[in-house]
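Have the sequence and the 3D view open while you read. The paragraphs below go from one chain to its neighbours, and then to what the chains share.

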Amino acid sequence: MTVVRGLFIAQRYSAMLLAPFVLIHLALIIIVVRNGLTAEEILSRTNGSTLWFVFYVAFVLAVTVHAPIGVRNVLNEWTRLSGGVVNVICLCLALLMLSTGLRAVFAVT
Amino acid sequence: MLKVSIWRGVDEGEFIDYEVPMRANQTVLDIVTEVQRNQEPDLAYRFACRVGVCGSCAMTVNGRPRWTCRSHVNDVIDGDRLVLEPLRSHPRIRDLVVDLAPFFETWKGSGAVFKPSATRDDKPVKITADDPARKNADAGIECINCAVCYSACDVVSWDKNYLGPAALNRAWTLVNDAKHGERKETLNKALGDGGCGSCHSMGNCTRNCPVGLSPSAGIAGLKKFALRGLPKVEKP
Amino acid sequence: MANNRQSMRTHKSYFAFVGHRVSGLLLALFLPIHFLVLGLALEGADALNRFLAFSELPLVKAAEWGLVVLLAIHLLFGIRVLMLELTDWPNSADGRTAWIIPSVIAALLVGVIFLAQL
């Protein structure tokens with residue numbers, strides 16, 4: 001298994017997870033803004049809920065895999081950065097997404 | 001009269017305008033030949049068969065890569081103008097001639113080299129026409145290596161690693177060929193660096209293929225194998 | 001050379017590629033910010049509410065609308081890509097280009113519903 005093939009597979013499988021997640025997320029955005037966006041409203045839904053915790057952790061993990069691989073492709077194709085530099089940038093992006101993402105999940109659940 | 005602008009030079013150069021009489025049933029190759037015979041003897045261009053078999057006469061005609069021998073002027077003309085340039089994404093040699101060596105190198109990169117799985121002493125492999133793998137291979141097998149798809153592909157133009165549609169289309173026909181002895185190796189190369197993962201399904205290869213093949217569909221097939229693994233084909 | 005590019009890039013599947021890529025890039029840039037804002041809840045509901053008040057500004061609201069549409073576009077174009085790569089094509093020349101315009105319309109529809117809810 002080459003690195004390229006591994007990344008390709010990881011990005012496609014994470015996409016298959018993300019598709020239903022994003023659908024739920026979009027529906028939620030639309031329902032929630034109807035009532036006005038307040039911290040109390042968000043937290044009352046998510047605080048202490050195992051279901052939302054699992055959902056958002058999975059969401060963050062999937063996006064942490066999906067997005068940096070996509071950005072890696074874009075940087076490799078559309079910039080003159082070397083492959084090594086691109087890998088470092090995308091690894092940093094993944095770590096940033098993972099840390100801020102999980103922190104956000106813990107903050108609201 | 002037709003107004004024909006032809007690229008003269010290598011990377012540095014300019015378009016020179018020529019006027020060529022309009023005739024019935026003219027192909028673009030006829031135009032270039034007429035210019036070379038009557039007006040510009042040192043114009044460099046390449047052709048061989050003149051009938052759409054050899055794949056050597058492709059050029060950029062009014063912005064799109066085409067085989068010139070089977071492109072009728074009436075079908076491709078813009079008003080009364082014809083702009084002829086060398087194929088995109090290949091090193092230029094002179095005028096309308098490009099160096100196809102790097103293009104043919106990509107075929108090795110994609111593992112698109114047939115390795116027999118039997119010798120002349122073995123019985124011929126029995127392959128039925130309705131075998132699904134054979135149908136896949138058949139769909140891509142008529143490629144004449146004209147490099148039009150390679151030149152049409154945007155990813156090729158900005159990603160020097162990318163092997164391109166022609167080489168991957170050939171790899172696709174081989175991984176579906178029960179007679180090919182290195183299906184797994186070919187697939188691994190086609191899925192590796194610069195392989196099918198770099199294709200973004202824009203479809204310029206398929207839109208421009210003069211033979212009507214669909215490298216896009218073949219590359220999508222390779223991606224399916226990347227996710228699901230190589231299916232078994234009937235062994236000899 | 002200008003027309004060398006043009007005719008190759010004025011078709012639907014090129015538009016779908018650019019739309020998918022640009023929307024993905026913008027979402028990737030936005031996500032860490034989104035996460036940081038939600039992280040404000042660690043400091044209590046008040047901190048998050050102060051940001052949410054800021055998000056009521058018209059310009060921020062407009063950006064929010066854009067993000068919702070971008071997310072919908074990336075989702076729908078992404079589903080097309082997965083369909084192209086995982087299922088058999090209806091015929092070998094058809095890269096499901098017929099899905100592209102309806103995807104854009106559907107994404108805009110999501111945007112309209114979002115606006116209607118404000």
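How many residues of chain A are in contact with chain C? The count is 28 residues of chain A against 30 residues of chain C, where two residues are in contact if their C-beta atoms, placed from the backbone, lie within 7 Å. This is a predicted model, in which local features need pLDDT of at least 70, side-chain atom pairs count only at pLDDT 80 or more, and totals for chains, interfaces and linings use all residues. Residues are numbered from 1 along each chain as its sequence is written, while chains are lettered from A and ligands numbered from 1 in the order in which they are written.

Start with chain A by itself. Chain A has four helices and zero strands; helices (H or I, at least four residues) and strands (E, at least two) are DSSP runs, numbered from the N terminus. The C-alpha atoms of chain A fill a box of roughly 45 × 25 × 20 Å along the principal axes. Its radius of gyration, taken over C-alpha atoms, is 16 Å. A compact globule of 109 residues would have a value near 13 Å, by the rule of 2.2 Å times the number of residues to the power 0.38. Of the 109 residues of chain A, 27% count as buried, that is, 20 or more other C-beta atoms lie within 10 Å of their own, with C-beta atoms placed from the backbone (12 or fewer is exposed, and in between is partly exposed).

Buried residues in α3(A) include Y56(A), V60(A), H66(A) and R72(A). The buried residues of α3(A) pack against α1 and α4 of chain A, together with α2 (12-39) of chain C.

Now return to the side of chain A that touches chain C. Helices α1 (3-34), α2 (39-46), α3 (50-78) and α4 (83-108) of chain A each supply at least two residues to it, and α1(A) gives the most, with 10 residues. By class, this side has 20 nonpolar, four polar and four charged residues. Here Ala, Val, Leu, Ile, Met, Phe, Trp, Tyr, Cys and Pro count as nonpolar, Asp, Glu, Lys and Arg as charged, and the others, Gly among them, as polar.

Chain A also meets chain B: eight residues of chain A are in contact with 10 residues of chain B. On this side of chain A, α1(A) again gives the most, with five residues.

Chain B is divided into domain 1 (2-98) and domain 2 (101-228), with bounds from an automatic or database domain assignment. The C-alpha centres of these two domains lie 29 Å apart, and their contact takes 15 residues from domain 1 and 14 residues from domain 2.

What lies between the two domains of chain B? The largest nonpolar core has 95 residues; such a core is a set of buried Ala, Val, Leu, Ile, Met, Phe, Trp, Tyr and Cys residues joined through C-beta atoms within 7 Å. Helix α4 (residues 58-86) of chain C gives the largest share of this core, 10 residues. Both domains of chain B give residues to this core, so it lies between them. L84(B), one of the members that touch the most others, is in contact with residues including W7(B), V32(B) and M59(B).

Technical notes. Lists of a residue's contacts leave out its neighbours within four places in sequence.
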